[in-house]
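Here are my notes for a colleague who is opening this entry for the first time. Please read them with the sequence and the model side by side.

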Amino acid sequence: MFISANRKAQTDGDTGANEARRIQQRESEVKIAWRTYVFHNDANPTAEQLATATGYPTHYITFVCGNIGYQLS
């Protein structure tokens, strides 16, 4: 029997709200890492430095920082 992706998500309890929370959590981790770096080093970090700190790919770091206005070196 075929089950649609939406039905499976509803059955498993994995809804859009859960994904939204996961996205917010990932963005929050990037923000915290950026602010921590700037506080300790008095300079903007590079995407590679934040990627190392958070474990996320550099293109995701660049995307998040660009969206919220955080400057990268």
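1. In this predicted model, Glu 19 forms a salt bridge with Arg 22, and the closest N and O atoms of the two are 2.8 Å apart. Both residues belong to helix α2, which covers residues 16–41, and they sit three residues apart, about one turn of the helix. Glu 19 has a relative accessible area of 30% and is therefore partly exposed, and Arg 22, with a value of 33%, is likewise partly exposed.

2. Glu 19 also takes part in a salt bridge with Arg 26, where the N to O distance is 3.4 Å. Arg 26 counts as partly exposed because its relative accessibility is 25%, which falls between the limits of 20% and 50%. Taken together, Glu 19, Arg 22 and Arg 26 are linked in a network of salt bridges, and the structure as a whole holds two such bridges.

3. The C-alpha atoms of Gly 16 and Trp 34, which are 18 residues apart along the chain, are separated by 27 Å.

4. How do α2 and α4 pack, in terms of the angle and the distance between their axes? The angle is about 85 degrees and the axes are 10 Å apart, so α2 and α4 are roughly perpendicular to each other. On the α2 side the contact is made by Ile 23, Arg 26, Glu 27, Val 30, Lys 31 and Trp 34, and on the α4 side by Tyr 60, Ile 61, Val 64, Cys 65 and Ile 68. Sorted by class, this contact has eight nonpolar and three charged residues, with no polar ones.

5. Tyr 60, placed in helix α4, deserves a separate look. Tyr 60 counts as buried because its relative accessibility is 18%, under the limit of 20%. The C-alpha atoms of Tyr 60 and Leu 50, 10 residues apart along the chain, are separated by 10 Å.

6. The next packing to examine is that of helix α3 (residues 47–54) with helix α4 (residues 58–68), whose axes come within 8 Å and cross at roughly 110 degrees. That angle makes α3 roughly perpendicular to α4, since values from 65 to 115 degrees are described in this way. The contact involves Ala 47, Glu 48, Leu 50, Ala 51 and Thr 54 of α3, together with Thr 58, Ile 61, Thr 62 and Cys 65 of α4. By class, the contact of α3 with α4 has five nonpolar, three polar and one charged residues.

7. How many aromatic pairs does a search of the whole structure find? There are two. In one of them, the rings of Trp 34 and Tyr 70 have centres 4.1 Å apart and planes at 25 degrees, so this pair is stacked. Trp 34 lies in helix α2 and Tyr 70 in the segment after α4, so the pair ties together parts that are 36 residues apart in sequence. Trp 34 itself counts as buried, at 13% relative accessibility.

8. Tyr 56 and Tyr 60 also form an aromatic pair, which is edge-to-face, with 5.6 Å from centre to centre and 65 degrees between the planes. Tyr 56 is buried, with a relative accessible area of 18%, and Tyr 60 is buried at 18% relative accessibility.

9. A last point concerns the backbone at Asp 42, where phi is near 50 degrees, a positive value in a residue other than glycine. Asp 42 lies in the loop between α2 and α3. Is Asp 42 buried or exposed? At 72% relative accessibility, Asp 42 counts as exposed, because the value is over 50%.

Note on methods
Residues are numbered from 1 along each chain as its sequence is written. This is a predicted model: local features need pLDDT of at least 70, side-chain atom pairs count only at pLDDT 80 or more; totals for chains, interfaces and linings use all residues. Side-chain values use heavy atoms; hydrogens and water are left out. A salt bridge is a side-chain nitrogen of Lys or Arg within 4 Å of a carboxyl oxygen of Asp or Glu. Helices (H or I, at least four residues) and strands (E, at least two) are DSSP runs, numbered from the N terminus. Buried means under 20% relative accessible area, exposed over 50%, partly exposed in between (1.4 Å probe, protein chains only). Axes are lines fitted to C-alpha atoms, for helices over the stretch in contact, and angles run from 0 to 180 degrees between N-to-C directions. Angles under 35 degrees count as roughly parallel, over 145 as roughly antiparallel, 65 to 115 as roughly perpendicular and the rest as oblique. Contact means heavy atoms within 4.5 Å. Ala, Val, Leu, Ile, Met, Phe, Trp, Tyr, Cys and Pro count as nonpolar, Asp, Glu, Lys and Arg as charged, and the others, Gly among them, as polar. Rings of Phe, Tyr and Trp (its six-membered ring) pair if their centres lie within 6.5 Å; planes under 30 degrees apart count as stacked, over 60 as edge-to-face and the rest as tilted.
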